[in-house]
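Dear colleague,

Please find below the structure that I am handing over to you. My notes on what was found in it follow directly after.

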Amino acid sequence: MKYLDEFRQKELVDKLTKAIDHLMADIDRKITLMEVCGTHTMAVFRYGIKDLLPHNLHLLAGPGCPVCVTANDYLDKAIAYARKEGVIMATFGDMVKVPGSRSSLAEEVSNGAEIRVVYSCLEALKIAHQNPEKKVIFIGIGFETTAPTVASSILTAAEDKLCNYFVLSGHKIMPPVMRALVQDHELKIDGFICPGHVSTITGSKIYEFLSRDYGVPCVVAGFEPIDILQSIYLILSQIKSGQAKVENEYNRAVTWEGNLKAQALMAEVFEPESSNWRGLGEIEQSGLKIRGKYGSFDAEKKYPLSIEESRENPGCICGDILRGLKTPLDCRLFRKVCHPSHPLGACMVSAEGTCAAYYKYLSV
Amino acid sequence: MKEKILLAHGSGGKLLHDLIREVFLPAFDNKFLRELTDSAVFDHRGTKWAFTTDSYVIRPLFFPGGDIGKLAVSGTINDLAVMGAKPIFLSCSLIIEEGLSLSILKRVISSMRQTADNAGVEIITGDTKVVEHGSADGLFINTSGIGLLSTRSESSSPRIKAGDKIVINGSIGDHSIATLSGREEFDFRTEVKSDCAPLNDLIEKVLSQSSGVKLMRDPTRGGVATILNEIAIGKEFGIELWEERIPFKQETIAISEMLGFDPLYLANEGKVIFIVKDEEAKKIVKILRSHPLGKESEIIGKMTPEPRGKVYLRTCIGTTRVLDMLSGDQLPRIC
Amino acid sequence: MCIAIPVKIIEIKGKIGIGQAGGVKRKVSLLLLDEVKVGDYVLLHAGFAISKVKKEEAEELLEILASLEM
């Protein structure tokens, strides 16, 4: 496929691998880079990228997997809505198997809940049109890439005067969590491989504070093997020359300013609020809630509910894994009682979760 | 194990295997079932027979390249054929949801007849039940089949060993992609047709012209990756698959990229995996390619001495990664 | 965190386009992206075009890498 196959050429991969080896020989110390985005984590495993890197170059999986960082209280709310009469929950497939405190959406289906898996929130709108007697609640998760699509669905619903479409917003944004990571003294991150698709919307400018204020090199990366290796090469080049700046490897799709229209739509519908990240806790201004103006599409405003106190599995170390402090191999539950068909923590549920990726792709 | 049966138990992955091992095997335990093969093989008065059964539930009932009737006949024929048996007779048992239109039923039945005719089998017994509206999704079909094992396949196959090759008769994932495209909620349009077809003729052709086949399996639910895991698990060999040699339709790759699927786990209904002697592999590919259902046949991997019991993929950029069994259904993802 | 793939826009009606990739066609909402023309490549995420894919930039990187002597 155009713009994918070209970025998987073995000869270019071999060249970049050699170039990275040379740079690492010059740098001559342990380097830890974080790939912030879960789709990068998936690509790293899918293509066996770690096989190609020198032993003293480590890749850490970051918090950019919306399923993984969505805390149990949000899931418990979604599950509580799913149990209500006359409700159709519409969701991306990602969320179906994620365990909340006591159940999951998949389990609710077996109890008779109506849950529809969609590829786009526009299909959720369609379901609302087709089922006027039902309340259709869309489970809005995802970062800056996905939030504008959901904003657009709310604006469309407002235009169509649709009264039975609601969003349970669990959207989150990247800069505050990246700031929290660089401020975490337990973590030593030498560079960020920045999320390419978030950046199509936000522009690469959102990472400027990281290199300017914290001296961390940032490279916005695409998702093919050559993109990832080239980004690693660019970060290592910065480290070698003692620089820290924002570079854009994914310039075929990302600009400095980003997609202004999408940014405007997102700002029209959502406003920042404090948000709870699994394993990372509350982070100021890191979540998106629906503005009062569009309150009639906000599931929580329209149908407030109280839920039992949420709880996390006590043995689960997803939090430390999400912060890159530990790997799944450090977890007592991993593979033994926590596996993809019986996930205990979100990092195992999401296909792009670190635990699932380790389980699926790593030899043991 | 979870307290309730989830949809994922039916998707042919690890959950189903757990269910078989923990519930069905202990209850029914006998020497035939213990083999866990696609068909049970038994002796009767000096003749060897293969016996199998399968239920078919699919939405939509009609999809590009087939329908539930064609699927129900082909699937059971294939379960017999991969055991090296010649399928002879089938049964047909219908569970119909009240309200199904008669014309739909007639179309499905005529498709079953046509598929059976083409494959040279007869449907000699059947049953019909009707359930209340809402208790079934239109139409479910169960077919059982019985086939004759020829004297040729009686000599037990030589053991699989490192160096043996893996051959497949064409592109992977067509069935999943065709049925997915038929579902309006995802709104994809492709020209891909399901590969759903009876494979007994193709298999018969290979077995009559080469003695190099050691094992055959049809990679239906759970796909090629899951079937290869079933073959390797607990064995003295590992499996290495070559990504570049695996035939895929470009549509399958495109939809997999869009929805975050791994095509190696997509279902097939007209594919068979052959484990063959190294020295016969090329000849077998040639035989397969001369048959209409094997034109895109390829050697896609080999058995390796290490690591035992595991399946590896050699990627297009020369690295390797483990292929595990499918765990639960693949759902369309945005992340 | 976000799956998006390049599709070629082959048809536009109002704010809806048809995107094509590898023989697959799908409706693409153009509500998030202005000035999309037939023939453009865009990144498709969850049913929406989120950015254009620029040919020159894509080719430039590949050419530089191809010309490197290692």
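**Sheet and domains of chain A**

Helix α4 (residues 72–82) of chain A lies across β3, β4, β5 and β6 of chain A, and runs at about 140° to β3(A). Axes here are lines fitted to C-alpha atoms, for helices over the stretch in contact, with angles from 0 to 180 degrees between N-to-C directions. Helices (H or I, at least four residues) and strands (E, at least two) are DSSP runs numbered from the N terminus. Contact between two residues requires that their C-beta atoms, placed from the backbone, lie within 7 Å.

Please note that this is a predicted model, in which local features need pLDDT of at least 70 and side-chain atom pairs count only at pLDDT 80 or more, while totals for chains, interfaces and linings use all residues. Residues are numbered from 1 along each chain as its sequence is written, and chains are lettered from A and ligands numbered from 1 in the order in which they are written.

α6(A) also lies across β3, β4, β5 and β6 of chain A, at about 170° to β5(A). These four strands form an open sheet with the order β4-β3-β5-β6 (chain A) and parallel pairing; two strands pair if DSSP finds at least two bridges between them. β4 (114–118) and β6 (165–169) of chain A are the edge strands, each pairing on one side only. On average, neighbouring strands of this sheet are turned by 25° against each other, direction ignored. Within the sheet, β3 (residues 87–92) and β5 (residues 135–140) of chain A pair in the parallel sense over four bridges, and A:M89 has A:I137 as its bridge partner in β5(A).

The domain assignment of chain A, with bounds from an automatic or database domain assignment, gives domain 1 (5–67 + 174–248) and domain 2 (70–173 + 258–302). Their centres, taken over C-alpha atoms, are separated by 30 Å. Contacts join 16 residues of domain 1 of chain A to 22 residues of domain 2 of chain A. On the domain 1 side, two or more residues each come from β2 (57–64), α3 (66–69), α8 (174–183) and α9 of chain A, and α9(A) gives the most, with six residues. The residues of this side divide into 10 nonpolar, six polar and no charged. In this classification Ala, Val, Leu, Ile, Met, Phe, Trp, Tyr, Cys and Pro count as nonpolar, Asp, Glu, Lys and Arg as charged, and the others, Gly among them, as polar.

**Sheet and domains of chain B**

In chain B, the domain assignment gives domain 1 (37–154) and domain 2 (165–322), and the C-alpha centres of these two domains lie 23 Å apart. In the contact between them, 24 residues of domain 1 of chain B meet 23 residues of domain 2 of chain B. The elements giving two or more residues to the domain 1 side are α3 (68–81), β5 (85–97) and α4 (102–119) of chain B. α3(B) provides the largest share of that side, nine residues. By residue class, the side comprises 11 nonpolar, eight polar and five charged residues.

α3(B) is mostly covered, with 14 of its 14 residues buried (20 or more other C-beta atoms within 10 Å of a residue's own; exposed means 12 or fewer, partly exposed in between; C-beta atoms placed from the backbone). This helix lies across β2, β5 and β7 (139–149) of chain B, at about 30° to β7(B). α4(B) lies across β5, β6 and β7 of chain B, and runs at about 175° to β5(B).

The open sheet of chain B has five strands in the order β1-β2-β7-β5-β6, with mixed pairing. β1 (40–44) and β6 (122–131) of chain B stand at the edges with a single partner strand each, so one side of each has no neighbour in the sheet. β1(B) and β2 (residues 47–56) of chain B pair in the antiparallel sense over five bridges, and B:F51 in β2(B) is the bridge partner of B:A40.

**Contacts between chains**

The contact between chains A and C takes 40 residues from chain A and 30 residues from chain C. The chain A side divides into 20 nonpolar, 14 polar and six charged residues.

C:H45 lies in strand β4 (residues 41–45) of chain C and is buried, with 26 other C-beta atoms within 10 Å. Not counting residues up to four places away in sequence, C:H45 touches residues including A:T145, A:H197, B:I334 and C:I3.

Yours sincerely
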